[in-house]
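Dear colleague,

I am passing on the structure below, and would be glad if you could look through it alongside the notes that follow.

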Amino acid sequence: MKIALTQLSTKDLATLAQRILSNAQSGKYPVINNHPLVGALASSYTEYDKVYTKQVYSGKGKDVATADHERDTAYANLKSFLNGYRKLPSAANYQLAEDLYGVFKTFGLNLDRLSYSSQTAQMKKLIEALETTENKQKITALSLDAAFAEMKAKQDAFEIVFAEQAGANADLRQMTSASAIRKDLEKTVKSYLNLLTVMKEVSGWELLYSDTNELVKAAKNSTSEKKESGEIPQK
């Protein structure tokens, strides 16, 4: 009963281990009941199963990009309004627009082109400056309360999504990688198959060996079929 476990795909190794374990725990073979190697196999498979299909990244990148685009739009809209209004000396309160645009200038007029972290830092400072009593009165006088509130809300929303992404990625990094834990599962499966091979001629072990051998053959055939179909490159 030989099989090159290292040549099995990630999924095929999981499938073989799961089938071998289910067979061993079926109760059909008294000789293997409560055997410590079955317990070790169960433990190793459980750990492997947790991580072999996990994503490398959190998958939240698109959400972060969307949230960033929305805050960029809110920021640009408010900035553009102030820039246009301040150029109309004939308009009421045009000087207020000039003053507020000056606040934007203080923290940079291209925040929407900065990296996520740099933009976040500058946006927080900009919002703090605009929230002073004096500037809030100017915002209200220009009927920009809603626009300012939207910019703040979009900034807050971005920070929430970005924090979720950072937390998810950190959790993934802390999980044992499939490639590392795979070696443990391969070792345990190999030990189990070796045990059955050694004991195959001992009374009570024949059927267990025979049935398990069929599972191994199925795994080998699956790999061969994938190679022939081109799913696995030939070496």
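**Aromatic pairs and their surroundings**

Searching the whole structure gives 5 aromatic pairs, where rings of Phe, Tyr and Trp (its six-membered ring) are paired if their centres lie within 6.5 Å. This is a predicted model, in which local features need pLDDT of at least 70 and side-chain atom pairs count only at pLDDT 80 or more, while totals for chains, interfaces and linings use all residues. Residues are numbered from 1 along each chain as its sequence is written, and side-chain values use heavy atoms, with hydrogens and water left out.

One aromatic cluster is formed by Tyr 116, Phe 158 and Phe 162. Arg 71 lies over the face of Phe 158, at 3.7 Å from the ring centre; the criterion is that NZ of Lys or CZ of Arg is within 6 Å of the ring centre and within 35 degrees of the ring normal.

The side chain of Arg 71 is also joined to that of Gln 155 by a polar contact of 2.8 Å (a pair of N or O atoms within 3.5 Å; within protein, one must be able to donate a hydrogen and the other to accept it, and residues adjacent in sequence count only if both atoms are side-chain atoms). Gln 155 belongs to helix α7, residues 145-174, helices being DSSP runs of H or I with at least four residues, numbered from the N terminus. Gln 155 is buried at a relative accessible area of 1%, where buried means under 20% with a 1.4 Å probe, protein chains only. Leaving aside residues up to four places away in sequence, Gln 155 touches Arg 71, Thr 120, Met 123, Lys 124 and Ile 127, a contact being heavy atoms within 4.5 Å.

**Cores and the chain as a whole**

The largest nonpolar core has 31 residues, of which Ile 3, Leu 185, Val 189, Tyr 192 and Leu 193 touch the most other members; such a core is a set of buried Ala, Val, Leu, Ile, Met, Phe, Trp, Tyr and Cys residues joined through side-chain atoms within 4.5 Å. Two or more residues of this core come from each of α1 (10-24), α2 (36-51), α8 (178-199) and α9 (206-229). A second, separate core of 22 residues includes Tyr 101, Phe 104, Ala 129 and Leu 130.

The protein chain comes to 9 helices and 0 strands, and buried residues make up 36% of its 235 residues.

With best regards

Conventions. Buried means under 20% relative accessible area, exposed over 50%, partly exposed in between (1.4 Å probe, protein chains only). Rings of Phe, Tyr and Trp (its six-membered ring) pair if their centres lie within 6.5 Å; planes under 30 degrees apart count as stacked, over 60 as edge-to-face and the rest as tilted.
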